[in-house]
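Please read the following walk through the model with the coordinates open beside the text.

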Amino acid sequence: GRLDIVAALSKRAVDYYAALPPELRSAETDRNRALALVRYGAALRTQSKLDESQKALSDAVGVLGRLRKEGDQSEATAIGLGVGLVTEARVAGSSNRRPEERELVKQGVDVLKPLMAAPNPSIPLRRAYGLAMTYLGFSQANNNQEEAAVKTLEDAREAYRSIDNLKLDDLPAAVAYSEASGWQIAALQALGRFDRVREVGADAVRVTGQVLEKRPGNMSALRARALIADTLSTTEGFDLHLRKALALSEQGARDWEAIVALDPTNQIAWNNLVNARLGSGFWALGLGDIRRAQEEWRAALAVERHVKESGMIGVVLSLASGYLAMLEADSGNRQAAETAMAANRRFIELAVRGLPPDAFSRSYLPELLGNYGYPGTGSGYGAYALPYAAGDYETVRKEARASAPRLEQAKNVTPEQDLNRNRVLEAAYRTAAEASYRLKDYAAADLEIKRALETHRAIPMRTLAEERDASEQLMLAAMIAARLERYAEAQQIIEPVLKFHRGLYARGKDNEDLRQHVEFAQALYVSALAAPGQKAAQLTQAAFIMDNLPPAMRRLTSNTVWRDWIAEEQKTRH
């Protein structure tokens, strides 16, 4: 975990070889200098010294590639080139240059893979191959290729396991095995395979625990344990076990804090600490602890003073500020929401800085980070926070209608990126439809929700969180149909949604997510709206649920609006 020492030693080696007189230089010294540059570039990348890292890595990869072309078939040169290319991919990833990242990591794997086919590959080769496959799997998972990522990361796990069969004679292999497991369970989670997530996660936690028993100060083991805790936290949260999710995210945050306390230059750890705080905020919000959620997201933003500017840190801090703006505005704290929004705009600029003008991410990231957040965020995120809270739906609709064309006109969209675009595009159409509904422009709302429904057909639903997000869209569609007096259609839409939420609500103590309770109340209201003069009992239950929320959660503007709608509809039943 001491990047400063790694960087200093690597730099001394680079300087040594650079200072050699011409008569002492050879292909071997060129290779050794390049290998030192790879180590130096890797340390600089983790410190977010991205320009310096890229310079060192470009030099190293150029030299090692030349040596290979000139006939150098040594394993050391191949390993150096493979790891150098993978580290260049990491630099590209930290700058949000995703297409370049994917190409570079594939090149790195292609260098190493043929060597792994030989009988009894060496331990350094297995270690390098495991590293390359781990990052390839990470990249695949980040580009909606989760099935491929699971297989790739299993190859990484097997490479590390094969070194000493996890007997802990080789601690770095055991730790790297656990880290690869951490990324694999993230891909499994996205596929909704929660049982397998828990199985792989428990195995990896056992291994990291054994390493930490043997070496309590092993920072790499802490990192692996933190990665695993972060993913398991999300799995439990998606499965409505919010107290367990919160405890896991707190554990992850403690581990990230331990790492940055030892080495404050570790920018990846700071980035992941923000992610852990984001998770803690969501689980606190779902438990109705509004103050705790605000504190977690403010703590996430406080990381800014410890980090170097990079596209990577711009993304996570944009999300933290966007979510905080949403919650502050919903709580009636206008000035705090404005402050959070100003930070959000600043961090978005950082996230896209340095991207080519025609890059997909230059169009996509500002919409995702500034207007919508990730699926399941709900209404009023980011730039929509203040107009939603103020009831200014004209502004909301105007902005959403401007957002959709920007996404539709994005350039250089790969099939994997098209899924990301569809997720955000659906949110734009849905936001416009909701604004039109609240403006009582039901004809426009109908057209817009149909665009949202059509876009959503291309989006897979594999987790409970994704099903809940889809149910919100369907509730809005049913409300619009009811207002247009298409009652049979509205009832057809809402019945499976109501059944879905009733089943979740019936889990009782096994469902700790009060946001889902609110969604059930909303579904009850929409069901009554679709059957004029009927279902008064459903409205009574909806009102009971809303009235029994914790006081701070009940006072959120978004919830008072729904409670008022329920009360208004109850009057029509008397």
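Ser527 is buried, with a relative accessible area of 2%, where buried means under 20% relative accessible area, exposed over 50% and partly exposed in between, computed with a 1.4 Å probe and protein chains only. This residue lies in helix H23, which covers residues 514–529; helices (H or I, at least four residues) and strands (E, at least two) are DSSP runs, numbered from the N terminus. The model is a predicted one, in which local features need pLDDT of at least 70 and side-chain atom pairs count only at pLDDT 80 or more, whereas totals for chains, interfaces and linings use all residues. Residues are numbered from 1 along each chain as its sequence is written, and side-chain values use heavy atoms, with hydrogens and water left out.

Leaving aside residues up to four places away in sequence, Ser527 touches Ile494, Leu498, Lys535 and Gln538, a contact being heavy atoms within 4.5 Å. With Gln538 there is also a polar contact from side chain to side chain, at 2.9 Å; such a contact is a pair of N or O atoms within 3.5 Å, and within protein one must be able to donate a hydrogen and the other to accept it, while residues adjacent in sequence count only if both atoms are side-chain atoms.

Turning to the rings, a search of the whole structure finds 16 aromatic pairs, for which rings of Phe, Tyr and Trp (its six-membered ring) must have centres within 6.5 Å, with planes under 30 degrees apart counted as stacked, over 60 as edge-to-face and the rest as tilted. The rings of Tyr437 and Trp565 have their centres 6.0 Å apart and their planes at 70°, so this pair is edge-to-face. It links distant parts of the chain, since Tyr437 belongs to helix H19 (residues 415–438) and Trp565 to helix H26 (residues 557–572), 128 residues apart. Tyr437 is buried at a relative accessible area of 4%, and Trp565 is buried at 18%. The rings of Trp562 and Trp565 are also edge-to-face, because their centres lie 5.0 Å apart with the planes at 65°. Ring pairs link Tyr437, Tyr442, Tyr525, Trp562 and Trp565 into a cluster.

For the protein chain as a whole, the secondary structure comes to 26 helices and zero strands. Buried residues make up 59% of its 574 residues, and the C-alpha atoms fill a box of roughly 100 × 50 × 40 Å, taken along the principal axes.
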